[in-house]
Amino acid sequence: MLYYLAKRLGLSAVVVCLVVLVLFSLLYLIPGDPATIALGPRATEEAIARYAEKMHLDEPVWRQFLIYIGNALTGDLGLDVFSDRPVTAIIMERIGFTLALVFAGMGWAMLIGIPLGCLAAVKPNSWLDRVTGVLSVGTIAVPSFLVSIWALLIFAVHLRWLPAIGAGEPGDFSDQLSHLVLPAFAIGLSWVGYLARMVRASMLEVMGENYIRSARAFGLHPRRVIFGYALRVAILPTITLIGMGFGGMISSTVFAEIIFARPGIGKLIFDAVMARNFPIVQGAVLVATGLYILVVLFSDILIAWFDPRVRESL
Amino acid sequence: MKQTGTTRRGFLGTTAALGALALAPAWSTAAFAQAGSTLRLRIDGDNNVLDPGFMTGGTEIEAQKQCLPFLAQYARDGETFTWEPTYFVTRLEQRDATHIDFELTEGLTWSNGYGPVMASDVKYSYERMKDSDWSGYFDALERVDVTGDRTGTIVLSRPFAPFIMITLCHGPGAVLSEKAMADAGGKFTTSFPAVCGPYTYEATPGQRAVFSANPDWTGPQPAFDRVECNVITEVKAAELAFEAGELDCTEVGADTLARYTKDMPEGTGIAVAGELQYMWMGMNTEHPKLQDIRVRQAIQHAVDVDTILQGAYSGTTAKSHGIICPGLTGQRDSAGYSYDPARARELLAEAGVSGLEVTLRTLNNQERMLSAQIIQANLAAVGITVNVLPLDSGPFWEMGQESKGDTWKDLELWIMRFGTTPDPYEATQWFTSDQVGVWNWERWTDPEFDRLYEEGINETDMQKRHDIYVRMQEIMENTGAYVWINHEPEAFVHSTSVGVNAAPSGELNYRRFTQG
């Protein structure tokens, strides 16, 4: 297990290095002078000079890269071009909102999707199975930004049941929860379908196994057979899917955070791209990538822990 | 055998119960119309630098207007923008072309124990601006003479007629506490070292900026005790938030403005702050394909601007006849050319040009692209092939600047939009001879234009100024290098229970909003 862990960590480190390289190159791949792009066409010469100095643009590129890597390793992701605030602090202010949204979105998707998949598999070809199948495909097919807009129009604009914008009053848990409902619904909906389909397919395969038949023959309670034996095995591919899903959701939050004007990493990246605020873009994308790698790593470890065969496959 | 496992009915019941549980807190807080006098607005991003010397502008100016003293503020005189003294001064007079006397209102105090607002604060604030990112607004300032605790004179190094309008009324005209600035190290970013105004300021990055009643303020009370400005980047998201009843006022885009104008919802109004943007299609007078003025004039006659206004802007923008925007001295009533494809063909024939193919560069946003496509169709109708080249803002803003490479040599046609302040001087400054290769991408020079530019700055007689700026636009138009397109409005949709106050350039002034 330790060997497996070391190999997975090594691979993750390589991915992070590649991401850092790409992010750094971003500054030079975009056409135009980085300082003018960031500060706007009418920026004064003094402001451009200050920016160039702050970003080390007057240094050779290789040296800029080393400075960037060195700072990033110590948690220093640079300074915001406009406010001079540390990028790390800005990201830390927002990351909680994104994590809350991702966990809420995936949480409700798991809460609904996994039982739905189980039920559909337990009673294949029943009306519930068919309805689940249609709904799953339907929810997978609709992109989350469309769900966001529809949800906002129906529940916030038309019915006025739920708030449309923001993250709620700081310190007011109930208010913050109410502001979480629509964005979490929007980004989680398609995952209900994904999870239901995946769990159903795995469960159908497992339910045909001999040990399940034996468990039934021994007269075990059906709930124990399903949740105690079948689901435990059938859930393995779903864990990988959920791991990937967390990563995908970090991307989906961009739309949800923009449409619901909710603070978070996605909106921070979008705003920074629009403002050509490169240090923020680089820092936020790096952190988002790191989060993604962490979640995938965690899901891999979880699977390896559940299934020893996986440890030997890497 | 008795089974007590999960039943279909049980599962659905549990799901419904969980759903209801999740929604319960939401219902309890879903009453959006907030009690008390709170004004709910939108800002398009965080206020990163509140320091007038190093701000980006926009909503940072809005924050300054609520928390810092200004000597002058915008006013309307019929359809024209003008200025008036603020509450912060009992006297603001232009004694002659280079001297502006002021007297501060008695009893104004800075927060955080920094004492009364003094004339020396005005001196400090304005003289420091000469070394700031906004120094261009203070080019004409020589010094501020302090003649008493609350009195002083702003001394200009040369006559500069727009000084009050574009400098004192605008964001760079904010006054800071000299003592507080010394304690803050001479510069600040996201919080004011000291305020003097009806509101204090507090911001939660990425979420909102809140303006609360300033307990030290003894001046006129604003209509709202509290102003909440929610950070909403996208105009469309803000429009939806307004429709959901979560904002009292927000800026709207052209298509929404058209929709509201056509079918105004009950309890809703539209306010237009100003139309200080001017858009045109430019032509490079030095390019071999466009050197002949008859070709350029043919293009002027070939473009149907009315179709652009309808097709790309849903009829919500004002037709342009020059670079001076509506409401400003020097605005023209009509252009010197008209849409006349037959005349365009004649001019091309006279010039002996056929099969002309040109490139039209534009920023790659929806309205500009639609405008470019309409121009493409218009010019195709007179035998000119147009290739539309959409560009990102980086390369677009550099393409005509000689210091940024050689693209300026290949420039043929482009769609350009500039913004301006409420004085005609600023719009004309980009087209003088020394701007060729900087912002004068049309690359023409005219000694009369340069002379009139200087005269316009010095002239204080309004009629004479009007004549000067009208003539300057005629000179520009006669080069054949311009097709005037439109002036986009800064439009706001608002609840009728709220009266909007905005600067002509679109910055809201919360302290001057009204209720009812």
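I began by noting that two strands pair if DSSP finds at least two bridges between them, and that helices (H or I, at least four residues) and strands (E, at least two) are DSSP runs numbered from the N terminus. This is a predicted model, in which local features need pLDDT of at least 70 and side-chain atom pairs count only at pLDDT 80 or more, while totals for chains, interfaces and linings use all residues. Residues are numbered from 1 along each chain as its sequence is written, and chains are lettered from A and ligands numbered from 1 in the order in which they are written.

**Four-stranded sheet**

I looked up Val144(B) and found its bridge partner, Ile154(B), in β7(B). Five bridges join β6(B) to β7(B), residues 151-156, and the two run antiparallel. Both belong to an open, antiparallel sheet with the order β4-β5-β7-β6 in chain B. Because β4 (89-96) and β6 (141-146) of chain B are edge strands with a single partner each, one side of each has no neighbour in the sheet.

**Six-stranded sheet**

I then traced a second open sheet in chain B, of mixed pairing, with the order β14-β18-β13-β17-β15-β16. Its edge strands are β14 (318-319) and β16 (385-391) of chain B. Strand β15(B), residues 357-363, pairs with β16(B) in the parallel sense over seven bridges, and Leu363(B) has Leu391(B) as its bridge partner in β16(B).

**Helix pair**

Last, I checked α8(B), residues 293-302, and α10(B), residues 341-351, whose axes (lines fitted to C-alpha atoms over the stretch in contact, with angles from 0 to 180 degrees between N-to-C directions) come within 8 Å and cross at roughly 165 degrees. The two helices are therefore roughly antiparallel, a term for angles over 145 degrees.

Terms used:
Parallel < 35°, antiparallel > 145°, perpendicular 65-115°, else oblique.
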